[in-house]
Amino acid sequence: MRRETQNILLVLLGGALLKLALTGTYLRYVKESLQPWLVVTGGVMVVLALVSIARDIRAGQSSAGQAQPSGVEHAGHEHGSSRSPWMLLLPVLAVFLISPPALGADTVNRSDRNAAQEAKASSGFAPLPSDEVVPLTIGEFVTRTAWDDSGSLDNRTVKLTGFVVRKDADVFIARLTISCCAADASPVKAKMVGQDFAALPTDQWVEATGRVVPGSATKESAFVPTFTVSQVVPITAPEDTYEG
């Protein structure tokens, strides 16, 4: 690959990283804590490319007046150059033109993993606040239901925020948890009952208020609790769609 092409690709890739990091789009793909690393990486790539371009320009200017020796052909022609480096443009074009969305219901339905199966607490759970309605992440809600033998959620009204997932005749409220990036995403979900959810499309974000059915998150149910919903309100998707 020619140096000019390398520099252009480096600028584009670095610019794509900076765009992701500075616009908040990166939250669709990685955890919030990785933003500084994306900014630094993208900035370094752009600076290196610009320095290399400047050096090439200066070198070209210094050699422009030098005469080509007679009888010597210019050797700059490249044979058999690979086109594969241009494949690096594909993720850049995806970032600038398509901006793929965060993972959603399709990922939940295609995954056999359940974060609750991997999150058994070994040292108990902190007491819940005394609020009339307790906001919880779906991950904490599912984990408490599955592993908290004290029944801390029994007869407690909680509010969950997530997106709608449909599988066969069942309707779930779900989130995806990530350790680093979307590639390691695991679903957590609760089965919603007690309301008519026909008007809620798949992937619609909602706030659902209700109570857990005690003992519903078992090995037989793949640790998916049943959530009796008293109120469900459609909302816009949060900037950070994943749970950490």
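**Salt bridges and a helix**

Let's start with Lys191, which makes a salt bridge with Asp170, the closest N and O atoms sitting 3.5 Å apart. Lys191 is in strand β4 (residues 186-193) and Asp170 in strand β3 (residues 170-177), so this pair ties together parts that are 21 residues apart in sequence. By salt bridge I mean a side-chain nitrogen of Lys or Arg within 4 Å of a carboxyl oxygen of Asp or Glu. Strands (E, at least two residues) and helices (H or I, at least four) are DSSP runs, numbered from the N terminus.

Before I go on, a word on the model. It's a predicted one, where local features need pLDDT of at least 70 and side-chain atom pairs count only at pLDDT 80 or more, while totals for chains, interfaces and linings use all residues. Residues are numbered from 1 along each chain as its sequence is written, and side-chain values use heavy atoms, with hydrogens and water left out. pLDDT, the predictor's confidence in each residue from 0 to 100, averages 78 over the protein, and 70% of the residues score at least 70. Over residues 71-80 it stays under 50, and for that stretch the model has five contacts (heavy atoms within 4.5 Å) beyond four places in sequence.

Back to the charges: how many salt bridges are there? The count comes to three. Glu140 pairs with Arg144, closest N and O atoms 2.9 Å apart. Those two are four residues apart in helix α5 (residues 138-147), so about one helical turn separates them. Arg144 also bridges to Asp148, at 3.7 Å between the closest N and O atoms. Arg144 is buried at 5% relative accessibility, and Asp148 is buried at 13%, whereas Glu140 is partly exposed at 31%. Through shared partners, Glu140, Arg144 and Asp148 join into one network.

Last stop, helix α1 (residues 3-23). At 1.5 Å a residue, its 21 residues should span 30 Å, and the end C-alpha atoms are 30 Å apart, which agrees; the expected span is 1.5 Å times one less than the number of residues. Among the buried residues in α1 are Leu9, Gly14 and Leu20.

Notes
Buried < 20%, exposed > 50% of the residue type's maximum accessible area, 1.4 Å probe, protein only.
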